[in-house]
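Biologist: I'm new to this one. Could you walk me through it?

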Amino acid sequence: MKLLFSKRSPLSVQLFISLALSLTLIVLDINYRPFKEVRYYLDTIISPLYYVSNAPKSSFDSLYEMSKKQEALVNENARLQETLIQQKSNLLLLEHLKHENDRLRGLLGSPLRHDEHKMAAQVLLADTDPYVYQVVINKGKNDGVYVGQPVVDEKGIVGQIYQTAQSTSRAILICDYQHAIPVQVLRNDISMVAVGNGCSNDLTLDFLPNNVDIKVGDVLVTSGLDGRFPEGYPVAVVSSVKLDISDSTPIISATPTADLKRLRYLLLLWGDQGVKHDGK
Amino acid sequence: MMGNNRTSIVVIWLTLLIGLCIQIIPWSTEYNIFKPHLLMLIMAYWLIALPHRIGMGMAFLLGIVLDLFSGSLLGIHAFILSCIAYLLMFKFQLIRNLALWQQSIIIFAVSLCYNSLVFLFQVSIYHTITISPLILVSSIVDGILWIVIYLFLRLIRRSFAIN
């Protein structure tokens, strides 16, 4: 570095070298796959700084927790207990339905669905770049996180893991311009692809037949055709259906069910990669 | 003399590190358009004040670090910060002697350059076009913030006698 940028070399030469180096890096990062390894190590080196930058927010949160009165805490606890009991009773029914479903699938000869292993993760850093919609979470390769792993929250699909480092990883949200996810309409199983359109806009639905049975309010769930996202998780709700007047193709947009602007706690899913789709 | 030299390097790096930490703190989406490029401002100050201490290599390194944090392709911010370093170091003596408000207009222009380069890279690599006049807003914030940063860092520079 000292030699390349020594004080004697003129400014324009320095500029030329810097620009050439950064362009090489950009091309390498786009085209050369083993370069991801380098990036993995660099990400691991800088990951402690995420905790530093997250410190003001987390300490503010913990201060807020500490300042709560005991009465409020007791009330909150009671409320949570109540919801827990309700959820548990729902789960009892679910267990029964699951057994029934497994038996029916066994009769039909289609592969059984397996339970996913789940892990909670916390968001360390949300979008810093206005054109990239990604979050950094506090679980990494050491926790078994892999690239392409689905990320959900309690309302629906959030995105998937994009890069991993040793103790942190980066997830791309479903509303990012680069992201697309195969979905199907819950009502009639028509499958299509939901493409991200920036987090301030809705998702755009693509690869549609010309006259498609879809209406505002339809729930879109993952179809599992990509082999990454497990089938049946809610993704979005159709918000508008328009018709392109020139060639009569439908233009459909859908609002993500997960609250992508206020992410705090997420769930990572370890689906069974072998079970892709129950077709055949 | 040697000790002074070392402190000055430590102080410069420390200000840059703090700038980086503040820059990567997430802002809520509604206010994201106002977010200033604090790291760029601090780098710009040291480039103008002490161009022999921090140079193109420093700008390049900071860009790489910024790329890692923002999750963009490695090299985009390095490219942009190198360009900015060139623009500032090319006429650092002129900029140094300008009045503060004139400097802040120059910083506004540089920041506009930054924002539009980020946009151009985005368009050319991902082919997604989102034109927003809002990139002007963050440049204006940068220009105004420059006055504060300049006075603050000058105070630091004088109290640690860095030259």
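Here is a short chat about this structure, taken one question at a time.

Modeller: Keep in mind that this is a predicted model.

Biologist: How many helices and strands does chain B have?

Modeller: From the N terminus on, the elements of chain B run α-α-α-α-α-α-α. So the count for chain B, with helices as DSSP runs of at least four residues, comes to 7 helices and 0 strands.

Biologist: What radius of gyration does chain B have, next to that of a compact globule?

Modeller: The C-alpha trace of chain B spans about 55 × 30 × 30 Å along its principal axes. A compact globule with 163 residues would have a radius of gyration near 15 Å. Chain B agrees with that, at 16 Å.

Biologist: What share of the residues of chain B is buried?

Modeller: Buried means under 20% relative accessible area. Chain B still exposes about 7,400 Å², with 74% of it supplied by carbon and sulfur atoms. Of its 163 residues, the share that counts as buried is 52%.

Biologist: Is B:Cys83 buried or exposed?

Modeller: The cut-off for buried is under 20% relative accessible area. B:Cys83 has 17% relative accessibility, so B:Cys83 counts as buried.

Biologist: How do helix 1 and helix 2 of chain A pack, and at what angle?

Modeller: Helix 1 covers residues 11-31 of chain A and helix 2 covers residues 35-46, with their axes 8 Å apart. That makes helix 1 of chain A roughly perpendicular to helix 2 of chain A. On the helix 1 side the contact is made by A:Leu25, A:Leu28 and A:Asp29, and on the helix 2 side by A:Phe35, A:Lys36 and A:Arg39. The angle is about 110 degrees.

Biologist: Where is A:Asp189 found?

Modeller: A:Asp189 is a residue other than glycine with a positive phi, near 60 degrees. Its relative accessibility is 51%, so A:Asp189 counts as exposed. A:Asp189 is found in the loop between strand 6 (180-185) and strand 7 (191-195) of chain A.

Biologist: And what about A:Phe207: buried or exposed?

Modeller: A:Phe207 is not a glycine, yet has a positive phi of about 55 degrees. Its place is in the loop between strand 8 (203-206) and strand 9 (219-222) of chain A. With a relative accessible area of 62%, A:Phe207 is exposed.

Definitions and conventions
Residues numbered from 1 in each chain as written. Chains lettered and ligands numbered in written order. Predicted model: local features only at pLDDT ≥ 70, side-chain atom pairs only at ≥ 80, totals over all residues. Heavy atoms only, no water. Helix = DSSP H or I, 4+ residues; strand = E, 2+ residues; numbered from the N terminus. Rg over C-alpha atoms; globule rule 2.2 N^0.38 Å. Buried < 20%, exposed > 50% of the residue type's maximum accessible area, 1.4 Å probe, protein only. Areas by Shrake-Rupley, 256 points an atom, 1.4 Å probe, with all protein chains shown as cover. Axes fitted to C-alpha atoms, helices over the stretch in contact; angles between N-to-C directions. Parallel < 35°, antiparallel > 145°, perpendicular 65-115°, else oblique. Contact = heavy atoms within 4.5 Å.
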